[in-house]
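Colleague: I am new to this structure. Could you take me through a few parts of it?

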Amino acid sequence: TAVLQHLDTQSLSQTERWRGLVSELIAVCYRMSNVVSPVVQSSSPEGLIPMDTDSETSASLKKILQEIQPRDTNEFFTSSRELDTHRGDDPTTHTPSVNTGREDYRVTAQMVLVCCWRSMKEVAMLLAHLCQSLPVVYADEDTRPGLITEEQVEGVGLYLRQNLLQSRHRGAFELAYVGFVCLTDMLCRSGSRVLQQLPAQWLSQVLEEVKSSDPSSTLCATRRSAGIPFYIQALLSSEPKSSSCSLLKMTMSQLIALATPSADRNTDSSTVHQVHALNILRALYRDTRLGENVIPFVADGMQAAVLGFTSPVWAVRNSSTLLFSTLITRIFGVKRGKDEQSKKNRMTGREFFTRFPALYPFLLNQLEQAAATVGSDSGRVKLHPSLFLLLLVLSRLYPSPMDGSSSPLGLAPFIPFIMRCSRSAVCRTREMAARALVPFVLVSQVASVVLSLLQELPAEPGPQVQHNQVHGTLLQVLFLLQSFQTDSHRPLPTGSGIAEALHQRMWLASRLNKCVVTRGAFLDVMMCLCGSKVSILEDAEVSALRQKVVPVLMASELVTPDSPAVPGPGTVQYLLSLAQLALSASVELPDLWQSAQQVSGLLEHLLQSPHYEVREAAAESFLRSLKEEKDDVKQKPQWLEKINVSNLTSMALHEKHPQCLAKVLQVLCVLSSSGELQWTNGGKILSQQEVLLHLLTVAQNSVHSVELLAAALTLVSQLLVEMVNSDPQAATACLTPWGKLLCLCCGEEQPAQVKIIVAKVLVTCASALMMSPCLPLGLPATVSLWRSLFALLQDEDQEVRDAASDFTCAVPAHLISTEGRGMSICPPAALDFGVALLCQLFELWGQLGAGLVVLTQWLLGEEDGSSDEEDEASSLDEEDFLFEKGDLNLWAELRLWVNLLHTHLSCLIVKLKQSKDTGAVGPDQIRHIQTRAQAKAVSSQQALDRLPALPQFSCTMEHARLTLQSHRAALALEVLESLSCSH
């Protein structure tokens, strides 16, 4: 295909020979397709090895697989080979595999499938290119020179049709689709009327086959109809833009008729074509090349998708779900955020129903039917299949400023039915109904609608209370108030009566209400009104509500945990609602609540709650408060006076839940930065060493919780720096495991979040622990931390490199020039600066000889302790796994790193000679390193000699690894030779 793309097919001579070559190419493509098609057209191609089941049809495939087996000996590439055509029919007489000393090459089902679908891809692309680029010999123009006949073009089209309609593997039919699009484009632009009519004929044939639902049909009814949608997409997208789109209109009309359920089509065979129609419609609505041409059919497609949910067949409901999702994206646009309730992908009701007027009576009628089935009086769950879809569509609308009662497309008729849906026994339906109501209520009507909803709530407890309806009403009130608070930026009208209505129904938040779900919903409404600095009610009304809420908090399960546990579902949500109000009163807005004495014991109860969600919410509120007041002139937050810090330290020692423990450790990190903490455990004061060892254990056991690992490492590092400055001797026992943990967290297999944490910790501790003149960690541990920092500076992730390069801002003044002090530089420059700084530190520590040995080992690649045999084994094993990336770092330039080390080693040798401290590195030690370097040089050269011809292309990665290893050994020998001369 690549050769033909560079060929000028319009000026070829020797036409007859070219025609023969084209015919032979087409025949070879057909034979290749016959070999691999049993795999890609199998009902389960992902696990199929045809050699295990059918030896006759798989003989050719087995021969091809034998030919593509990799050989890693020079003889395979240098000796001439010729296929034995006489033995081709016997699959047992293939050429024996070359004995390389390794395990025999394993042919897996994955490899078979990849070879097959990629072969189908190349066949499809080659055939399409032949038809598109070569001049055609028309039947009525024998004199015109051409290289491919009409019959051959039609045959290629029939082949691609069969491939698309019968292939089950997505890679096969997706790539065959690309070739088929090229072919259909060529047919529509062809000068032959016979060829021009082929797309319309093929389209009619496939639609008839879809309609027939013949049990003997080879069309795939699973895998989202496989290649059928792609086939029809290609035929319709090639229709000329200047035409009237008659094919598209005819196809959409027939597909919508098939997709819409009908009372006279309830058999299993009738659902097959319905599934096909839904899947094809989904593909057509998603096709951007059809553009606005499919918009007139969106309303009909939406009706088919909604009605499809009423089908008793799962396959129909599944395809309807996919179609509905596509239509939502097509109507409202691609979602531009993670928030499902985002207001970005919405439109006014007037615009929506003006563009799709047929949906107005349909949605209203469907919502009326769905709302009629909703009712909580019977106690039974009645869920209309399409109710959720209807509410989802309606929640994407919002009222237009021009919307009024006189408008024929107004949203007001929907409101009673949406409100009725709030009585559903299904909690998710009540929530969706509450969200769907918000866009239908004008901002000027929020106060009156909220008041009418509150007045529907029971004023006192009783057996007649329907809690599903109460919960749905409270959710509607909550979402209306939250929307008004977000959008209007102004208070509700004076005298709205909302505060008075809430006063009268305060029993819903107390223990008189036995339903914790409605209790939590009422508390959420109170939190919306009382939990912010600026309320939408008047100040006097808010103060009165807060005074009513405080007794409810003090009488709740937060304060009296010894009472019987609250039964039923919704307990945790209810306790979280209580906790949010309690935290607002005692931590976030204590001045506004004016009830410091009454809520003084709430915080301790929150921290001692048996539910981790409550403890986590309290710790998160503490952390948020500390961060907000960190830069404030106030000395101490008020809530810190109400609880003892020992409560937090005790939680840090005994908390079992990782997320909650992470929040507590983050709070202690902030408190530790402002002063020394006193750690207590049951009245016993713990030493700093005991605390550090415990926190190190927590960090070592939390490698799978990034948040907890970050908090533990940060706190340990802060405490270690304080301890090194105050009592260096006591810190010795903790420094070694801390350094090992940091080095472990810098590995290539670690996620980027963990390495960013380690980089920040190293930057924080660099000045005190890695650049200190007294070497508090000792030389080996300090060098390991520097090596970890250099590894992070060469990490593949940009954020990791940037975080590690910030260490340049922490270098003490006596180690850096005035010009570059406190400056952050790019990672490559930081790497060079870091190695130069380490050499300077070796001189400061009086360890030039030891530094020379360390850098030479890094130069040889021995810093990680891995041997060449292990590297070679791992590189050989990688060949057994298809698509396996492995630990591949595309950013690190190892040759540049090696050259950088060699440059600084040369400078270090000069300093060593100038100091005349030749005894720092003994001759025996030099000879030992020299022997290892020579062994590496010899082994790498021998391995390079064993590689096949042109190893840069035949085994690129192995050649690059061995070349780098040889380069390392050569530079190391050069350095050691220079050092030997000084002795």
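This is a predicted model: local features need pLDDT of at least 70, side-chain atom pairs count only at pLDDT 80 or more; totals for chains, interfaces and linings use all residues.

Modeller: Residues are numbered from 1 along each chain as its sequence is written, and side-chain values use heavy atoms, with hydrogens and water left out.

Colleague: Where is Asn-293 found?

Modeller: Asn-293 sits in the loop between helix 12 (268-286) and helix 13 (298-308); helices are DSSP runs of H or I with at least four residues, numbered from the N terminus.

Colleague: Which residues is Asn-293 in contact with, beyond its neighbours within four places in sequence?

Modeller: Cys-245 and Leu-248, where contact means heavy atoms within 4.5 Å. Cys-245 is 48 residues from Asn-293 in sequence, and their C-alpha atoms are 8.1 Å apart.

Colleague: Now the helices: at what angle do helix 13 and helix 14 cross?

Modeller: Roughly 145 degrees, and the axes of helix 13 and helix 14 (residues 314-332) come within 8 Å. Axes are lines fitted to C-alpha atoms, for helices over the stretch in contact, and angles run from 0 to 180 degrees between N-to-C directions.

Colleague: Is Arg-615 buried or exposed?

Modeller: Arg-615, which lies in helix 28 (residues 612-628), is buried because its relative accessible area is 13%. Buried means under 20% relative accessible area, exposed over 50%, and partly exposed in between (1.4 Å probe, protein chains only). Residues that Arg-615 touches include Met-651, Glu-655 and Cys-660.

Technical notes
Helices (H or I, at least four residues) and strands (E, at least two) are DSSP runs, numbered from the N terminus.
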